[in-house]
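Me: I'm new to this one, so could you walk me through it slowly?
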Amino acid sequence: MTDRIIIKDPFDMHIHFREGEMLDLVAPLSAETFSGGIIMPNLVPPVDNIERLDNYISEIDNAVKGYNFTPFMTIFFKKYSREFLELVKGKIRAIKLYPAGATTNSDEGIKEIEDAFDTLRIMEELGIPLLVHGETHGFVMDREQEFLGIYDHLATEFPKLMIVMEHITTAAAVELLDKNDNLFATVTLQHLCITLDDVIGGLMQPHNFCKPIAKRPEDKSALLNAALSAHPKLSFGSDSAPHPIDKKESAYCSAGCFTSPFALQYLADIFESNGKLDNLQRFVSDNAMINYNLSSNNKTVTLVRGEYTIPEKYGNVVPFNSGKKLNWKIEEVS
Ligand SMILES: [Zn+2]
C-alpha cells in the first residue's frame, strides 16, 4: 500500500479568485498547493479591457507573492476587435464565454452564439482558447445537455479553435469529448462526489449548491470514470467559488462550492478508493500541461497517508463538505 504520493505541478484549470478581501483570503489557499490555475473573469464589472486586466493581474500577484504559482488570466467574452485581441493575447491564456445570466455575475454574457462568430474566427487564427460555461436557459436539469449541440456546432465551425467545456456535469458531455478533436473539458471535485440528492434530496444543503447543478447518479459515474481513467482531454478545474457565509446560508443562496485548498487531498482519497492513484498525476497536471501547453513551475506536492479534516471555515467562507475526514494530508510543498 502506498503511503506517499508526489504530485508534480498540480494545476487547477478553473478558479474564482474574486477581488479585494475575498481575493486576499482565497488566492493564497490555492497558490499554496497548486502550480497555477485559470482565473475566471466574471467580476463586477467583468474583466473585459486591458486596464481592468492589468489591475486584476497586479492584485492577484500581490495576493500570491511568495508562492510558486502562475495565474493564467482570462477575459470575459465580448465582441472584440482583432486589434484588441492582438494586444491582449500575451497577457491571457483564454477567453471565457458565459451565455447571458447563466451564473454568478454573467449578466453581460453573449445572447446569440452567432453574434460571437467574428470574434471566434479571430481567436481561432490567433490561437486563443475559448472556455465556455455551457448552459442554455432551459429547465435547470437539462441546461447542459441542451447546450451540447452548440458545442458541437462551434467545434465544427471552428476546427482549429480549442474549446473547453467548463465544469461538465453530464454523461452526454463526456461522450461529446470523443466526438470532436478540438473539444476539451474540465470537471470539478464536487461533481465527482455528489448528485442532486446531496443538494435537495433531504434537508437543503446550500454548500453543495453550485451551477451547473449536480445531476443524476449515472452522470456522476460517467464523470468519475472519465476522471479516474485520466481521460486525456479532461483536466481538473475546481470551479472553487467562495461566497461569504451570509450569501450561502440564506434565502437566495448563491451558487458555488469552495474546494480549492483541500482538492488534492480529496482527489487522492477518491482516486485511491477506486484503485486509480496512478492516474492522479495525469488528471491534475499532465493533461492540462499538454492540452493548454503549460510550462512546469518545478513545484512538487507530497501527500502522505494521515487524517485530515476539512476546516469548518476559511475566514467567512464555509467550504464544501466541511468537517469531513480525508485519508491524505499534505506533508510538503517544494
Ligand atoms: Zn466557474
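Reply: A definition comes first: two residues are in contact if their C-beta atoms, placed from the backbone, lie within 7 Å. This is a predicted model, in which local features need pLDDT of at least 70 and side-chain atom pairs count only at pLDDT 80 or more, while totals for chains, interfaces and linings use all residues. Residues are numbered from 1 along each chain as its sequence is written.

Me: OK, what is L130 in contact with, leaving aside neighbours within four places in sequence?
Reply: With those neighbours left out, L130 is in contact with A94, I95, L97, L120, M123, L161, M162 and I163.

Me: And which residues touch the most other members of the largest nonpolar core?
Reply: That core has 78 residues, and I95, L130, Y151, I163 and L267 touch the most other members. A nonpolar core is a set of buried Ala, Val, Leu, Ile, Met, Phe, Trp, Tyr and Cys residues joined through C-beta atoms within 7 Å, where buried means that 20 or more other C-beta atoms lie within 10 Å of a residue's own, against 12 or fewer for exposed and anything in between for partly exposed.

Me: Which residues does the second, separate core include?
Reply: F209, F258, V317 and V318 are among the eight residues of that second core.

Me: Switching topic, is D152 buried or partly exposed?
Reply: D152 counts as partly exposed, because it has 14 C-beta neighbours inside 10 Å.

Me: What does D152 touch beyond four places in sequence?
Reply: D152 is in contact with L176 and N180, and its C-alpha atom is separated by 9.7 Å from that of L177, 25 residues apart along the chain.
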